[in-house]
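Open the model in your viewer and keep the selection panel at hand. This tour goes from one selection to the next.

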Amino acid sequence: MINKNHGTDYENIRLDRSGQAEAFDVIGDRYDEAFPHKEGQVAAADWLIGSLAAGARVLDLGCGTGVPTARQLADAGFEVVGVDLSGGMVKLAREYVPGATFHQLDLADLRPGGPRDLGRFDAVAAFFSLLMLPRAEIPLALLTVRHLLVPGGLFVLSMVEADVDDFSIPFLGRTIRVSGYLLEDLRKVIETAGFEIAEESSYTYAPAVADVPPEEQVFLCCRRLD
Ligand SMILES: C[S@@+](CC[C@H](N)C(=O)[O-])C[C@H]1O[C@@H](n2cnc3c(N)ncnc32)[C@H](O)[C@@H]1O
């Protein structure tokens, strides 16, 4: 069942972003160096490219450095808007992908009735960004994605498969808090938020640095149900 009461729900939780943007401000380019192979992410963006009409408007939520996704989508001729909490990441993204527009924003700012309105999009990508929210907030973020999409709009996301909630981990010399689900539970969360899953893939990924252990990455290609 789709929860239509999302505006109010955001008002009832305290958003704790402490340390999250600061970590990525410092990590910067090292994120891409630690995760050099992005076949799953590139394939999911290719699904968007193959499914969208020329000139479509696409939002990259938690865009990081803009590489590879914002760049891949801009190179495909879409109007790309990227949003990230980290000012450092937004600065890099503007440099690396001059053909897209980037904003330093919290994705919660884009909620229905929230402080920023970037208009509607034909597609939203959220690769490894929703995992930086506590679980209590992930359904609200998904309802924000729904709100940002035109009816029938496309949504691609990736998560790390793990049964954790707001769990502190060492990450590239900093500490960040992450959440995840087992795959079955992730599917339920996505479907409950009003999406149908069209395609799904998983990859076992060993990052190119010692302090990040191997992880199971899940990519979902979804469509907004009306
Ligand atoms: C693991 S990185 C992934 C970056 C990029 N999507 C990629 O796959 O290469 C997560 C990104 O999400 C951003 N982020 C975390 N919480 C966010 C929030 N509440 N709103 C917007 N961006 C956020 C971080 O600053 C970081 O750049």
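Which residues does Ala 123 touch, not counting residues up to four places away in sequence? Select Leu 48, Leu 52, Ala 56, Val 58, Gly 153, Leu 154 and Phe 155: Ala 123 touches them. Contact here means C-beta atoms, placed from the backbone, within 7 Å.

Two notes on the numbers. Residues count from 1 along each chain as its sequence is written. The model is predicted: local features need pLDDT of at least 70, side-chain atom pairs count only at pLDDT 80 or more, and totals for chains, interfaces and linings use all residues.

**The sheet**

Next, show the strands (DSSP runs of E, at least two residues, numbered from the N terminus, as are helices, H or I, at least four). Seven of them form an open, mixed sheet in the order S3-S2-S1-S4-S5-S9-S8. Pairing takes at least two DSSP bridges between two strands. Strand S3 (101-104) and strand S8 (195-205) are the edges, each pairing on one side only.

Zoom in on S4 (residues 121-127) and S5 (residues 149-160). They pair in the parallel sense over six bridges. Pick Ala 125; opposite stands Val 156 in S5.

**The helices**

Select H4 (residues 39-51). Helix H4 lies across S1 (57-61), S4, S5, S8 and S9 (215-224), at about 170° to S5. Angles run from 0 to 180 degrees between N-to-C directions of axes fitted to C-alpha atoms, for helices over the stretch in contact. Now take H6 (residues 87-96), which lies across S2 (79-84) and S3, at about 170° to S3.

How values were computed: Contact = placed C-beta atoms within 7 Å.
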